[in-house]
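Please work through each task before reading its solution.

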Amino acid sequence: MIKINKLGKLASFSAVLFILTPCITSCGDSNDTVLRIYNWEDYIYLNSPDDGYDEPDFIDQFETWYEETYHKNITVIYDTFDTNESMLSQIQTGKVSYDLICPSDYTIQRMIQEDLLIPFDDNGTPYYDMYASSYLLGKLDKIKITKYDENGDAYIDESLNVNDYARGYMWGTLGILYNPENGVVDPDEMREDLESWNCLWDSKYKNKVSIKDSLRDTYAAGILRAFDKEFTDLKNNKESLGLEAYNDEVTEIFNRSDDEAVSKVLDALLELKENIFGFEVDSGKQDIQTGKIWLNLAWSGDATYAMDQAEENDDPIYLEYSIPDTGANIWFDGWVMPKGANKELAQIFVDYISNPINAVKNVDYTGYSSFIEGQEIFDLIASWYDPRINEDEEFDPSIEVEDGWIKKDLSYFFESVENPILYVEPDQKNRQLDTLYPNEDQLEYLAVMDDFPIDRRAQMLNMWEELKSTPLPTYVYIILAVAVVLLVGLIVGVLIKNRIVRHNRITRRKLRQETKKKAAQQLNN
């Protein structure tokens, strides 16, 4: 069962710490303790004075806190990986050994299925229990773990729950990043088009769409197209179904991978391939700013990054993000403990990183939405996007709301925050705040995408190879050839682009500071 009562969690917090502290301080006689962590690159706070981040790296802060709290030295070995698949392969073959890993949802499913993980202790992470979003915990609770008997037949193991084996870290959605000011299609017309996933197939946007070079994400878009009528019928009947049953039905369609579904999705994606500029891994954020594309299948965190970056141009571009209302993917990354992990140390780190005072540092640095709620995180988000900034450049909810400002109710997420209401100016609709935190009515159709069943994985890979091997249209090769020629003459520019991430953080922070000052000046006037 998921514990929703956060007052109850708070009441037990001190007792839990009292129990844990002597256990940790008495474990072993060595003066040095080692914690091994494996995480995505650039996915935790790092010291960078040039970017405006003056505190020590997050890992250094944890080491200092641990030594001050438990009076014992600790060394954290912190490594990074680039894909779930490469990480999982190393764990499966025993090439690496870690105490904590931060995979994505479907990989966590597979690791539980393959008996690679150990569960967290009850009350082993009290800060997490207190501040993890109940909405997201409910999403994890619905994920089913498939096991296989000696005959190879699949069955759902009801005794296994993702919430027992994982502690959420960051989360987001898969949607469409778009440029409404492309100079060709009317902005309002484009916003209306972007209410449907079918816009990716619309000839109006031919050669102006890029999709992910990722089986799972592109398959998700294909499912939403192939079964568009079913999704639409469900949406029209959601009131009679009830919202929980409606979401269950959406999730069922979203996770279809039988022969018929795969065939329909392949047909849809082959058709889509004729309409796109190309597949991309990370270039979409730049291509949409240069005008190569107008629409990009994107993760919410990347979309927010691209919006921030586009506003920094000499000629600012104001990108927007859409989650079409027939269905969409909600994802999360979470902390897990492989077998053989130092469970006590791992749980202490997870609890430390789940304290809102610490979690807010990683939100500020990465720009992603934390699984953790709390006043500190709410205030940070408010300081970024809500115009109610006082003369001290601090968020002040007592400042009077002006006519036309759009109300954003985040009570579904920030449960411990009193009156978690934000406002944004009218031109901020479908922009950063809406991207990081969907509106409550959008939650109804967000679905977790399960790991592909073991007996379907080979077919899914074959489908993907068939899709990728089908020749692109001639115009794409012409564009690519021109791009190669241009690249030769722009080597210096490419090298400069490699520093974009660092530059973005500097300018993003300055931009927010300038925005706060302008808002304060306007209110004072």
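**Exercise 1.** Which residues form one aromatic cluster?

*Solution.* The model is predicted, so local features need pLDDT of at least 70, side-chain atom pairs count only at pLDDT 80 or more, and totals for chains, interfaces and linings use all residues. Residues are numbered from 1 along each chain as its sequence is written, and side-chain values use heavy atoms, with hydrogens and water left out. The cluster is formed by Tyr 43, Phe 58, Phe 62, Trp 65, Tyr 66, Tyr 70, Tyr 169, Trp 331, Trp 335, Phe 349, Tyr 352 and Tyr 368. Rings of Phe, Tyr and Trp (its six-membered ring) pair if their centres lie within 6.5 Å; planes under 30 degrees apart are stacked, over 60 edge-to-face and the rest tilted.

**Exercise 2.** Describe the pair of Tyr 43 and Tyr 368.

*Solution.* The whole structure holds 34 aromatic pairs.

**Exercise 3.** Which residues of helix H20 are buried?

*Solution.* Helices are DSSP runs (H or I, at least four residues), numbered from the N terminus. The buried residues of H20 are Arg 457, Met 460, Met 463, Trp 464 and Leu 467. They cover an arc of only 120° around the axis (directions from the helix axis to the C-beta atoms), so they lie on the same side of H20. On the other side, Ala 458, Glu 465 and Ser 469 are exposed.

Terms used. Buried means under 20% relative accessible area, exposed over 50%, partly exposed in between (1.4 Å probe, protein chains only). Helices (H or I, at least four residues) and strands (E, at least two) are DSSP runs, numbered from the N terminus.
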